[in-house]
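Me: I have a structure open and would like to go through parts of it. Can we take it in questions and answers?

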Amino acid sequence: MGRTGKKRNVGNKKKGHTSGERANYKKFEELRRDNDSFRKYYKAQELVSEDEFPEFMEKMRMVLPTNFRITGSRQQAIDIREQIMTEFVPYLKSISIEGEQIEPPHPLEWYPNNFGWQFQIPRMALKKSEQLSKFHSFLVTETEVGNISRQEAVSMVPPLFLDVQPNHYVLDMCAAPGSKTAQLIEALHVGVESGKTPSGLVVANDADYKRACMLVHQVNRLNSPNIVVTNHSGERFPNIYRTDAQGSGREIVQFDRILCDVPCSGDGTTRKNVRVWEKWRPDDAHSLNPVQTKIVQRAAYLLKTGGRLVYSTCSLNPIENEAVVAHVLDHFEGALQLVDVGDQMPALKRRPGLATWKVMTRDGELHDSPQTAVLSTMSRSQRRHFDSFFPLSRERMEELHIDRCMRIYSHLQNTGGFFVAVFEKVAPISVDEKKKAAAKAAEEHKRFEERLRALSQAKEQAGEGDDAEAEAEAEATSKRPADQEDAASTDIDTKRTKVESAGNDDGDEAEVASDTDAAGETKAPYMPNNPREDPALPENPFLFLDASTGELKKILDFYGIKESMSRNGFLSRMENNSYRSVYYVSDSVRELMVLAGQRLRVVNTGIRVFNRNCVKDAGCTFRLVCEGTPQLLPHLSERFVVDVPFGDLRALLEEVNPLLATLSEETRSRIAEVPVSSSVIIRYDPTAHVGDEEQPFTRLTATLAIPCWRGHASLSVHMDKNQLCSLIHRVLGKTINRNAVGGMQLANNNKTQDPIQTQDQDQTQGQQQEAENKD
């Protein structure tokens with residue numbers, strides 16, 4: 001993730017700035033892209049051969065190309081891909097910059113369905129180039145509405161190895177800024193029909209509240225009711241309990257998939273974070289290793305047996321990578337195993353994990369073992385964890401299959417540097433898990449004994465002699481589950497595991513129970529007004545709404561929301577016993593939030609489906625919201641859904657508030673059935689108009705659903721301006737003057753200028769203005 005867990009400077013004082021004078025500013029091009037200690041350290045690790053090392057270093061100095069990813073779970077993903085391939089690739093092929101032909105964007109060969117793309121032009125050059133402004137504007141607009149995510153290529157890798165399915169409970173322990181979380185949400189929704197919700201969920205957690213808010217902005221673009229954003233330290237993520245299957249006790253809610261993209265030194269990001277070169281120190285990883293280890297250990301407790309965990313960093317340092325992996329595997333004594341994913345994504349070039357490495361101390365000395373280092377030169381925390389920075393014995397490293405880890409280097413496929421390890425949990429870890437496994441084995445053994453007695457009695461009644469019991473036992477044994485013998489012999493170990501307390505630099509150890517107290521939780525209920533560590537969140541808490549009474553019932557009745565939409569998922573933030581917005585979450589999210597109660601610090605969740613309007617004579621005090629339209633549409637009364645031909649769709653996009661009189665007669669008759677001063681969905685299905693004379697600029701396959709406000713004599717589109725820009729570009733092939741859109745007044749056709757202009761018109765006006773300025 002390329003960020004450390006704590007700040008080195010306190011307050012406003014910064015090194016070298018005590019005099020009040022500004023430091024000498026260096027331009028981006030003037031920053032030194034080298035570090036002698038960095039070079040010495042990584043050459044000693046033998047990451048690559050000696051002949052390959054110059055190429056390795058040279059590539060790390062070069063600026064990254066532009067990478068982006070199409071949101072694969074959305075219906076319009078294919079339309080966006082088609083637009084790039086048919087409109088922008090040919091357009092960019094014809095452009096030359098400083099006399100050189102540029103290479104157009106191309107799909108990443110290892111990313112599924114051609115949804116991952118790379119453009120050799122660096123991001124800053126793309127932003128500043130006039131010739132590329134059209135493509136840059138497209139990327140910005142589609143990113144803001146969630147159709148595209150700007151993401152470094154190697155950052156896309158970890159979620160792909162998680163293999164998320166729609167029924168999975170997924171936890172992203174260190175989620176901000178959220179690009180990988182977005183991939184997890186996409187994977188959860190793959191194959192799920194519009195309007196329906198997957199049975200799984202994604203919990204996106206981050207320890208920093210401000211970063212968690214940034215995460216909210218990222219995931220809100222995807223409009224998923226199956227996401228919960230929380231604010232906890234990863235190594236202290238709380239236990240959530242539910243009643244066990246027998247109904248006689250409780251068990252911890254565990255996850256099918258967990259992503260640990262942990263805080264790291266980020267020295268694999270030198271191509272985009274140039275200042276890493278000057279700030280890099282050999283002992284940066286020393287303070288991060290303990291935190292990274294605790295996060296993975298906590299994740300192991302929260303992972304279901306049979307579940308998958310992916311650990312990743314944007315660091316090349318083995319102390320943050322293989323050292324963490326090896327010592328975690330050794331700690332759990334076989335309960336976790338590394339998964340061999342060598343046959344997955346074969347087009348992705350990678351190198352195996354390291355079995356040996358050296359540790360560099362602050363004095364620049366390299367050490368093969370802790371015995372050769374001078375401990376007196378280290379801090380107390382470094383001395384305490386120093387042994388864990390080194391590899392285990394060669395035999396043990398081979399047993400753990402450390403070579404199954406993946407190292408991605410910049411020069412292999414023109415990317416940043418990255419590390420990925422894929423774990424599978426093959427045995428219970430906590431006391432609760434072992435008790436559950438033993439109880440299940442005992443129950444299966446009981447059924448086996450009953451089946452044995454029944455078979456024996458049946459054979460005795462048939463008069464088959466003294467061998468009946470032996471034959472019955474053999475027959476019953478043949479039907480016994482293959483894994484029952486192993487499960488029945490599970491040893492319930494009630495020992496407490498020593499786990500260092502999170503963020504404790506003084507070296508004090510906290511004894512942490514391996515079951516209910518693994519997160520550092522006490523058995524007493526967590527009270528938000530007296531928190532253990534974290535301050536209370538500034539937002540009002542979410543409260544679930546009763547769909548059978550009050551304003552919510554009136555909303556659902558007015559819009560004719562069918563029973564096919566669950567009534568349990570509506571919630572809101574209450575303020576003075578009132579609410580401005582209604583959100584919707586899946587049944588799985590509701591269950592988790594109810595079970596968690598005050599334990600879970602929820603920053604945000606769900607999608608907004610209704611907003612309070614300010615029109616006094618409105619038929620309903622709430623209107624439909626664009627982000628909730630895909631979720632509501634299949635359950636909405638047909639009275640509020642109007643199918644239109646392309647001509648009416650064009651009029652709706654070209655005019656600010658098109659008069660109803662300008663629309664087709666059929667559309668007018670349908671809109672007449674909608675109450676005045678209320679929301680209506682205008683729907684265009686391209687598959688129903690294949691043979692029409694008028695067609696969209698880009699070939700569409702996905703149905704468009706546009707929320708509008710039905711006035712007395714006109715319609716107005718209720719969409720975010722960025723979504724409107726995206727839609728107009730795809731449907732009409734025109735570029736919007738974004739400043740004009742921002743200043744538009746949505747009054748009845750009272751428009752002073754047309755905000756839609758083709759790229760040629762924009763360039764012509766710019767040339768005219770430039771000529772006027774010269775005159």
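Me: In which sense do strand 28 and strand 29 pair, and over how many bridges?
Reply: Strands are DSSP runs of E with at least two residues, and helices are runs of H or I with at least four, both numbered from the N terminus. Two strands pair if DSSP finds at least two bridges between them. Strand 29 covers residues 678-684, and its pairing with strand 28 is parallel, over three bridges.

Me: What kind of model is this, and how are residues numbered?
Reply: This is a predicted model, in which local features need pLDDT of at least 70 and side-chain atom pairs count only at pLDDT 80 or more, while totals for chains, interfaces and linings use all residues. Side-chain values use heavy atoms, leaving out hydrogens and water, and along each chain, as its sequence is written, residues are numbered from 1.

Me: Which strands stand at the edges of the sheet?
Reply: The open sheet has four strands in the order 28-29-30-31, with mixed pairing. Two of them have a single partner strand each, so one side of each is left without a neighbour in the sheet; these are strand 28 (641-643) and strand 31 (715-717).

Me: Which residue in strand 29 stands opposite Asp643?
Reply: Strand 29 is the parallel partner of strand 28. The residue in strand 29 that stands opposite Asp643 is Arg683.

Me: Which residues of helix 2 are buried, and why do they line one face?
Reply: Buried means under 20% relative accessible area, exposed over 50%, and partly exposed in between (1.4 Å probe, protein chains only). In helix 2 (residues 53-61) the buried residues are Phe53, Phe56, Met57, Met60 and Arg61. Seen down the helix axis, they line one face because they fall within an arc of 135°, taken from the directions from the axis to the C-beta atoms.

Me: Which helices do the buried residues of helix 2 pack against?
Reply: Contact means heavy atoms within 4.5 Å. The packing partners of these buried residues are helix 1 (36-45), helix 9 (276-279) and helix 14 (410-413).

Me: Is Ser588 buried or exposed, and what is its relative accessible area?
Reply: Ser588 lies in helix 19 (residues 587-596). Leaving aside neighbours within four places in sequence, Ser588 is in contact with Tyr169, Pro198, Ser199, Gly200, Leu201 and Asn226. The side chain of Ser588 reaches the backbone oxygen of Gly200 at 2.9 Å. Ser588 is buried, at 6%.

Conventions: A polar contact is a pair of N or O atoms within 3.5 Å; within protein, one must be able to donate a hydrogen and the other to accept it, and residues adjacent in sequence count only if both atoms are side-chain atoms.
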